[in-house]
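Subject: Structure handover

Hello,

Here is the structure for your files. My notes on the sheet and the salt bridges follow below it.

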Amino acid sequence: MTTLRRRTFLIAAAVTGATVVLPPTTPAGAETNLWDGALKRREPNQNGVLTGAPSHNGWEMEAVADGRGNIHTRPVPGTPLSGVQLRVGVVDAVLAYVIHRFHCDVDELRDGDVVGWRPPATVTPALAESNRASGTAVKIRPGHYPAGSRGGFYPPQVVAIRAIIADLGGVVRWGGDDKRVDEALFSIDVGPDDRALPRTALRVRPL
């Protein structure tokens with residue numbers, strides 16, 4: 001596949017939210033550069049979508065989901081969830097992996113157990129929970145693990161959660177480690193220009 005055809009395919013995939021499957025002959029590192037570049041070139045409709053304000057982790061909060069912006073209801077393969085509102089691309093690839101691993105290694109999930117995006121007006125930008133407004137965080141069973149409370153998980157479950165976070169090399173943070181504890185919260189912990197995120201997304205994308 002020529003460079004031009006590959007670039008066209010990647011851009012189309014980024015716009016539609018389709019899974020990107022690259023040929024095995026691609027030189028090492030090229031997948032990250034092309035996929036990441038395609039996502040950065042995607043410009044959402046400006047009317048009523050972008051806020052110009054960053055969430056806690058530096059990603060721009062968006063006023064609506066499932067509109068013409070970057071945040072859409074995404075599937076989580078390997079779970080019973082009907083979908084979660086997440087930022088399309090590298091973010092939803094990584095957070096879907098977190099959710100899938102939680103379902104397999106921590107506790108079995110049911111549809112409705114995971115919530116993603118929420119309106120910017122309902123969050124405080126100085127808090128990690130605001131990352132949900134940029135589509136870069138999820139809460140897993142928030143009713144079971146209320147913000148401000150510790151001890152919601154059994155010790156083996158905490159070990160499993162820490163293993164998931166460790167496997168992602170620091171691009172995701174668990175709210176159980178925050179000063180203002182929120183054990184239900186899992187957030188992207190790097191900014192939109194961090195090169196580790198697309199590399200991690202490409203590594204974990206096949207669930």
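Four strands form an open, antiparallel sheet in the order 5-6-8-7; strands pair here if DSSP finds at least two bridges between them. Strand 5 and strand 7 (172-174) are the edge strands, each with a single partner strand, so one side of each has no neighbour in the sheet. Helices (H or I, at least four residues) and strands (E, at least two) are DSSP runs, numbered from the N terminus. Strand 5 and strand 6 run antiparallel and are joined by 2 bridges. In one of these strands, strand 6, Ile140 is the bridge partner of Val114.

Two helices pack on the sheet. Helix 3 touches strand 5, strand 6, strand 7 and strand 8 (185-188), and its direction makes about 150° with that of strand 8. Helix 4 touches strand 7 and strand 8, at about 160° to the direction of strand 7. Contact means heavy atoms within 4.5 Å. Axes are lines fitted to C-alpha atoms, for helices over the stretch in contact, with angles from 0 to 180 degrees between N-to-C directions.

This is a predicted model, in which local features need pLDDT of at least 70 and side-chain atom pairs count only at pLDDT 80 or more, while totals for chains, interfaces and linings use all residues. Residues are numbered from 1 along each chain as its sequence is written, and side-chain values use heavy atoms, with hydrogens and water left out.

Now the salt bridges. A search of the whole structure gives 11 of them, a salt bridge being a side-chain nitrogen of Lys or Arg within 4 Å of a carboxyl oxygen of Asp or Glu.

Asp92 and Arg74 form one, at 3.4 Å from N to O. Asp92 is in helix 3 (residues 90-106) and Arg74 in strand 3 (residues 71-74), so the pair ties together parts 18 residues apart in sequence. Asp92 is buried at 9% relative accessibility, and Arg74 is buried at 15%. Buried means under 20% relative accessible area, exposed over 50%, and partly exposed in between (1.4 Å probe, protein chains only).

Arg101 pairs with Asp167, with the closest N and O atoms 2.9 Å apart. Arg101 belongs to helix 3 and Asp167 to helix 4 (residues 155-167), so parts 66 residues apart in sequence are tied together. Arg101 is buried at 15%, whereas Asp167 is partly exposed at 36%.

Asp113 and Arg141 meet in a salt bridge at 3.1 Å, N to O. Asp113 and Arg141 are both buried. Salt bridges with shared partners also join Arg101, Asp105 and Asp167 into one network.

Regards
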